[in-house]
Amino acid sequence: MSDKIQSVRGMHDILPADSARWQYLESVVREAMDSYGYAEIRTPLIEKTGLFSRGIGEATDIVEKEMYTFPDRKGESLTLRPENTAGCVRAALQHGLMAPAGVSRIWYAGPMFRYERPQQGRTRQFHQVGAEVYGVNGPSIEAELIALSARLWKRLGIDANVVLEINTLGTSEERAAYRDQLVAYFNDHLQTLDDDSQRRLHSNPLRILDSKNPAMQELNDHAPKLSESLGQESREHFARLQEILAGCGIVPNVNPRLVRGLDYYSHSVWEWSTDLLGAQSAVCGGGRYDGLVVELGGKPCPAVGWALGMERLLAVLDQLPQQLVPDSHPHLYFVVADDVAAAVAQKEAEWLRDALPGLKLVQNAMPGSIKAQFKRADKSGARFALVLGEDEYRSRAFTVKSLRDDSGQQTVQRDELVAYLKKTLLLD
Ligand code: ATP
Ligand code: MG
């Protein structure tokens, strides 16, 4: 006997019993995206490695240590996508979705892959939903994207459980000047820097501010602030964003230390987090990344977007008392007298599905007494058993028996069955 093969560490199956939650989340997402005029894009799960090393930045956690990278059979280096902003920009450039002077609003949902230490809220294959907009310079589009996510939280009933932090990173020139100041400051306190921060001092010093190490907090608290190096235009952009958000009823916390992991952000960045998930508290993050399009070989084009973690969002939903996920149990479980009745029932089941498109009907598939079949019917979660017994078979009738309450059973003639089910199951 050989061992059973298990799934890869950190990569999980979404089992049938769980998929109703996923489908519910996906349907809420789709509805929200539709309501803002965003169109779905589906890009490959595998891209050329260079897309991410150029598009995310060499000095980020993702590119430094989290990518699944491998040579294909011809030796070309490929990578399982760790995020999808770079992939979307690649596709938009490749297919001309960034029309000059036009606006493109797109969204995606799907698996991402990062070689991280698996733990609560952190897996190696996980799922993101993202929204991206190309072609808009002003802060109104950041506000729209944030409002879109806020609407999602409201629809999911978790708006009271998430908070929004925002910050501005200014332009790349302003950031370069600030970076020099920051390096000088940290150089004066080299002995206090932890290993990660020492490493980042020259590769990506802004990320030191993002450190979650408590020993770094004091030093970070006294570091020079980017907000003090920003020019007039950047300040106005940020102030205007907050005004528009306030007009939409959204009041974020300004967190001057929020820099986000990726290199390519400019101006607004933001993060939604929750206090319901312990350490892995970020549920959604986004920002403006005007520089990325040029970095990936395109003509300059403003770009903004966010991504949310679907597993973390579902984990938040699980913590809440309300049951939002719609019932996915069958309406009917078809119980039959014998083999002859079973063959007729299968035909009748097709007839019912033709007549009632929303109907969820499960056919008994294993032999067994009526009693055994009723047990299965009960276990299936169906609301009613539809019975084609010997008597019913002879009189061209069916019995419909409630499985969830004591409302009893009803014998229904075949030519009245469709109308009866329509009324009883509230199908239209
Ligand atoms: P974190 O700080 O938790 O590492 P991140 O900054 O790496 O998050 P992003 O790259 O902004 O995350 O991805 C957006 C969202 O995707 C996160 O807010 C989170 O909800 C989710 N996410 C990121 N990495 C993972 C993972 N390994 N497993 C599950 N969800 C993840
Ligand atoms: Mg991360």
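A polar contact here is a pair of N or O atoms within 3.5 Å. The views below are taken from a predicted model.

View 1. V283 brings a backbone N or O atom to 3.4 Å from an oxygen atom of ligand 1. On its own, ligand 1 exposes 580 Å², of which the protein buries 88%.

**View 2. The shell around ligand 1.** The ligand is surrounded by 14 residues. R114, E116, R122, R260 and A282 are the closest of these. Three elements, β6 (125–134), β10 (282–288) and β11 (303–309), each supply two or more residues to the shell. The largest share comes from β10, which contributes three residues. By class, the shell holds five nonpolar, four polar and five charged residues.

**View 3. S211 in the loop between α7 and α8.** S211 sits in the loop that joins α7 (195–203) to α8 (217–221). Its relative accessible area is 13%, so S211 counts as buried, the cut-off being under 20%. The side chain of S211 reaches the backbone nitrogen of N213 at a distance of 3.1 Å. Apart from neighbours within four places in sequence, the residues in contact with S211 are D194, M216, Q217 and N220.

**View 4. The hairpin of β3 and β4.** Strands β3 (residues 68–71) and β4 (residues 77–80) pair in the antiparallel sense, with four bridges between them. Within this pairing, T69 stands opposite T79 of β4. The two strands form a hairpin with five residues between them. In the turn, G75 has a positive phi of about 90 degrees.

**View 5. I56 in helix α2.** I56 belongs to helix α2, which spans residues 49–56. The relative accessibility of I56 is 0%, and I56 is therefore classed as buried. V335 is 279 residues away from I56 in sequence, and the two C-alpha atoms are 57 Å apart in space.

Conventions:
Residues numbered from 1 in each chain as written. Chains lettered and ligands numbered in written order. Predicted model: local features only at pLDDT ≥ 70, side-chain atom pairs only at ≥ 80, totals over all residues. Heavy atoms only, no water. Near = heavy atom within 4 Å. Polar contact = N/O pair within 3.5 Å; in protein donor to acceptor, adjacent residues only side chain to side chain. Areas by Shrake-Rupley, 256 points an atom, 1.4 Å probe, with all protein chains shown as cover. Nonpolar A, V, L, I, M, F, W, Y, C, P; charged D, E, K, R; others polar. Buried < 20%, exposed > 50% of the residue type's maximum accessible area, 1.4 Å probe, protein only. Contact = heavy atoms within 4.5 Å. Pairing = 2+ DSSP bridges.
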